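These are my notebook entries on a structure that I went through entry by entry. I begin with a single residue and then move on to strands, cores and a pocket.

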Amino acid sequence: MIGEVKKSGGGSADVVNGIIEQYKASTSTIDANTFVEFVNNTNMGTDTTIVAPTTDAPAPYNNARATQIDTNKVFVAYDTSSPSSGISAVTKGVGGVVCTINNSTITVGEKTILHSYSSINTYKIFDVIKLDTDKVFVLYGGIKTTSALLGIVCTISGLTITKGTFVAIVTYGSSSTNMNAAAVALSSTKVFVSHRTYNSNYTLSGTVCTVSGTTISTGSATSLGPSAGSTSSTPSSVSLIDTNKVFVAHRYGDNLNGLVCTVSGTTISTGSDTQLAATYYANLKVVTLETNKVVVLHSSDSTNKYTNSIICNVSDTTITPDTDTTIILGTDSVSYMDSILLEADTLFITYKNSSNYYLMGVICKISSGTIVVGTGSILVSSTETAVTVSVSLIDNNKLFISHRFGNNLNGIVGSIISVIQESTTKIDGLTKTECTTSTAGDVWVLDV
Amino acid sequence: MKYVITDKDDVVIALSTKCNDNKEYRNLELDDFNIAYAPDEEFNVYQVEVPSEVEPSKYCYTEKDGFYKNPNYVYYYSDEERISALEDMVNELILGGM
């Protein structure tokens, strides 16, 4: 039988020449006028304010990060720091809020101040880690009076957050602007943290934290890699690549390096530090593609701010990096980027276009060591200065992205439709059956 | 009297009215937060009178020398403070030129 599927009504005369044998439903009912646009594209829900500025949180969008904790449920950590002197807001550290997602609608729970310690008045959220469906680990830094890498464990019931006591994981003896850290869960009771070495601006260490209830304990800090000379900060990104094995990408001078750590108890063993790229600028992110294989994303220079990618294979603790390759996202220059794996060969990247500050999304396919970048989509036409974006996979191909909109911290839900399989057969007179969010499998009915 | 917790370089890292060493979790439990310490990590805990000007990171303490300014302390300027200072400088230049 031969025919064709095409969009009816207005818009461009896009034609899908073949049978879509199977696809995953979007978050909303699809009509004929918009179906084709869903294919290989994203379907975004309404951009929703999660945290508006208040006296307790004047700039909630700064460094905010989110993590999926359960199907269609996320925990968002946001900034409650006071801006500089002259602002009378009480300084409080970080806050947390739980959001549930129904289709693409976001419901926001009660906001909870997680950290209240008035002597420290500048904080930075580094990471939010899911430990379990009812527990998260928030990693953040206290900079100013007491310089410390801090952690707090929170339990979640419904939309309610119960915070533990926050803990100084690493204390730095002098005030420091050069605190960077990243974390990944090794299990529901153990977290690997990469961080600036005690009172050294230029070297990286790793510490394993164990969690009992909401109490955090630490193992010994282990130096990772050599001294990085005159580099003034040690940004890093970590990802779990196998049981008790993490890949750490980090800045090393002007280069980008990687190393593999194995963990036994709270003891860290480190493989050789390997150069991944000769130039590094910002926006570092490691995503595990499969066991012992990662893709490292980074911005390579301050001028173009294009995003580069390096696929790395790991054998034991030895890293074999592929070529550092520029992924040219149209003509976008990228600032603030996050990425997650959708499927084994599909990467989703969200970023702020550093020229117009739009929130963008792009899907990349990885095949035989090559990354093919799709067309970037504008997710939100926000024009605010770029700050941290954070993306979490909350359900099968459904994403939650937190980002700045105005002076708010917003969240937006999107679904990704992918064409699973196409054939070259055309079908006449195909009648579309309207799809709902619970529709799966074949939905096109042949009208003959 | 307060508990004064210093690190291995004698830098004051916390001041607290209470200090309980929870050895099971290796947590020093203080007024507002805990300090998690590794098995090989060194902290010193003193209980002394603390002058009002003493703040963590800015001061060091030893029993021999008492409180003294931390020679390695670096004041942290937030991005907002830096921007504000630059704006003031620019305004001065512009108005000065007029």
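Is A:N283 buried or exposed? I looked it up and found A:N283 buried, because its relative accessible area is 15%; the classes I use are buried for under 20% relative accessible area, exposed for over 50%, and partly exposed in between, with a 1.4 Å probe and the protein chains only.

Before going on, I note that this is a predicted model, in which local features need pLDDT of at least 70 and side-chain atom pairs count only at pLDDT 80 or more, while totals for chains, interfaces and linings use all residues. Residues are numbered from 1 along each chain as its sequence is written, chains are lettered from A and ligands numbered from 1 in the order in which they are written, and side-chain values use heavy atoms, with hydrogens and water left out.

**Entry: backbone angles**

I placed A:N283 in strand β26 (residues 282-290) of chain A; helices (H or I, at least four residues) and strands (E, at least two) are DSSP runs, numbered from the N terminus. A:N283 has a positive phi of about 55° although it is not a glycine. I keep in mind that most residues other than glycine have a negative phi. A:K305, also not a glycine, has a positive phi of about 55°, and I found A:K305 in the loop between β27 (293-299) and β28 (307-315) of chain A.

**Entry: hairpins of chain A**

I next followed strand β6 (residues 65-70) of chain A, which pairs with β7(A) in the antiparallel sense over five bridges; two strands count as paired if DSSP finds at least two bridges between them. A:A66 has A:V76 in β7(A) as its bridge partner. The hairpin of β6(A) and β7(A) has two residues between the strands, and in this hairpin A:N72 takes a positive phi near 60°.

Strand β16 (residues 181-187) of chain A is mostly covered, with six of its seven residues buried. β16(A) pairs with strand β17 (residues 190-196) of chain A over six bridges in the antiparallel sense, and the two are joined by a hairpin through two residues. For A:A185, I noted A:V191 in β17(A) as the bridge partner.

**Entry: a sheet in chain B**

In chain B I traced an open sheet of three strands in the order β2-β1-β6, with antiparallel pairing. Its edge strands are β2 (12-16) and β6 (44-48) of chain B, each of which pairs on one side only. Neighbouring strands of this sheet are turned by 25° against each other on average, direction ignored. Strand β1 (residues 2-6) of chain B and β6(B) pair over five bridges, and I saw B:K2 standing opposite B:V48 in β6(B).

**Entry: two loop residues**

A:D56 lies in the loop between β5 (48-51) and β6 of chain A, and A:D56 counts as partly exposed because its relative accessibility is 30%.

B:N72 lies in the loop between β8 (66-69) and α1 (79-97) of chain B, and B:N72 counts as exposed because its relative accessibility is 56%. B:N72 and B:V11 are 61 residues apart in sequence and 9.4 Å apart in space, C-alpha to C-alpha.

**Entry: nonpolar cores**

Which residues have the most contacts inside the largest nonpolar core? In this core of 30 residues they are A:F75, A:V138, A:Y140 and B:I35; a nonpolar core is a set of buried Ala, Val, Leu, Ile, Met, Phe, Trp, Tyr and Cys residues joined through side-chain atoms within 4.5 Å. The elements giving two or more residues to this core include β7 (73-79) and β12 (135-142) of chain A, and β2 of chain B. The largest share, five residues, comes from β13(A). A second, separate core of 21 residues includes A:I129, A:F137, A:L139 and B:A36.

**Entry: the second largest pocket**About 360 Å³ of space lies in this pocket. On a 1 Å grid over the protein atoms alone, a pocket is an open set of points where a 1.4 Å probe fits, with protein on both sides within 12 Å along at least five of seven lines, and lining residues have an atom within 4 Å of a point. Of the 21 residues that line the second largest pocket, the closest to its centre are A:Y198, A:A221, B:K8, B:D40 and B:E41. β15(A) gives the most to this lining, with three residues.

Definitions and conventions: Points joined across faces, edges and corners; volume = space filled by probe spheres on them. Axes fitted to C-alpha atoms, helices over the stretch in contact; angles between N-to-C directions.
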